[in-house]
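Me: I am new to this structure and would like to know what lies behind the terms used for it. Please set each value against its cut-off.

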Amino acid sequence: MLKGIYPGSFDPVTFGHLDIIRRSSALVDELIVGVLNNNAKSPLFSVEERVRMLKEVTKNMPKVRIVPFEGLLVEFARETGAGMIIRGLRAITDFEYELQMAQTNHKLEAGIETVFLTTGLEYSYLSSTTVKEVAAFGGDISQFVPKTVIGKMQEKMNKKESVDNEQPH
């Protein structure tokens, strides 16, 4: 049984992420979407919220399992029995970073391969950061994220706005 891991922060999950999830799940018997708890970043959504959103938007994909993790990706791959790491590439700038990470992971665990999938052209510009910026300014994010995510983003932005309004200026 071939297991693959598609790791990321998914803060929030976008149509670009879902494109990679759909396409990579066709390449493996089981796709584990690893939701990274990265202490170096301050995410908009908690790990639990991101896991719930991903479970909701992938519920009709039987080969996909959503699992939170922290620490080294190769350790997570070993723990889950995955032999493949799947990464999405949008642009050449992604490639430089991802190649370096793939080579490091290969040094740490030679038995785990990294496979790169290029993002569909319609999503090549899209990132979670872009979605958060558009949402922060009240822009329409419906072309970037699933409907369930739009509601969650609006809730977060409303909470953030009310907290910001309570702060002394």
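Predicted model: local features only at pLDDT ≥ 70, side-chain atom pairs only at ≥ 80, totals over all residues.

Me: Which residues of H5 are buried?

Reply: Ser128, Val131 and Ala135 are buried in H5.

Me: Are Tyr6 and Phe10 buried or exposed, and how do you know?

Reply: Buried means under 20% relative accessible area. Tyr6 has 5%, so Tyr6 is buried. Phe10 has 3%, so Phe10 is buried as well.

Me: What makes the pair of Phe15 and Tyr123 tilted?

Reply: The planes of Phe15 and Tyr123 are at 40° and the ring centres are 6.5 Å apart. Stacked needs under 30 degrees and edge-to-face needs over 60, with the rest counted as tilted. The angle of 40° falls in the rest, so this pair is tilted.

Me: Which parts does the pair of Phe15 and Tyr123 tie together?

Reply: Phe15 lies in helix H1, and Tyr123 lies in the loop between strand E5 (113-118) and H5. The pair therefore ties together parts that are 108 residues apart in sequence.

Me: Why is Phe15 called partly exposed, and what does Tyr123 count as?

Reply: Partly exposed runs between the 20% cut-off for buried and the 50% cut-off for exposed. Phe15 is at 22% relative accessibility, so Phe15 counts as partly exposed. Tyr123 is at 16%, which is under 20%, so Tyr123 counts as buried.

Me: What makes up the lining of the largest pocket?

Reply: The largest pocket holds about 1,100 Å³ of space. Its lining has 41 residues, and the closest to the centre are Pro7, Gly8, Ser9, Arg87 and Glu98. Elements that give two or more residues include strand E1 (3-8), helix H1 (15-25) and strand E4 (84-89). H4 gives the largest share, 8 residues. By class, 16 lining residues are nonpolar, 17 polar and 8 charged.

Me: What is the lining of the second largest pocket by class?

Reply: The second largest pocket holds about 180 Å³ of space. By class, its lining has 2 nonpolar, 1 polar and 7 charged residues. Among the lining residues are Phe45, Glu49, Arg52 and Lys152. H6 supplies the largest share, 5 residues.

Me: How do you know whether the radius of gyration of the protein chain agrees with that of a compact globule?

Reply: A compact globule of 169 residues would have a radius of gyration near 15 Å. The protein chain has 17 Å, which agrees. Along its principal axes the C-alpha trace spans about 55 × 30 × 30 Å. The protein chain has 6 helices and 5 strands, and buried residues make up 44% of its 169 residues.

Methods: Residues numbered from 1 in each chain as written. Heavy atoms only, no water. 1 Å grid on protein atoms, 1.4 Å probe; cavity = no way out; pocket = protein on both sides within 12 Å on 5 of 7 lines; lining within 4 Å. Points joined across faces, edges and corners; volume = space filled by probe spheres on them. Helix = DSSP H or I, 4+ residues; strand = E, 2+ residues; numbered from the N terminus. Nonpolar A, V, L, I, M, F, W, Y, C, P; charged D, E, K, R; others polar. Buried < 20%, exposed > 50% of the residue type's maximum accessible area, 1.4 Å probe, protein only. Phe/Tyr/Trp six-rings, centres within 6.5 Å; stacked < 30°, edge-to-face > 60°. Rg over C-alpha atoms; globule rule 2.2 N^0.38 Å.
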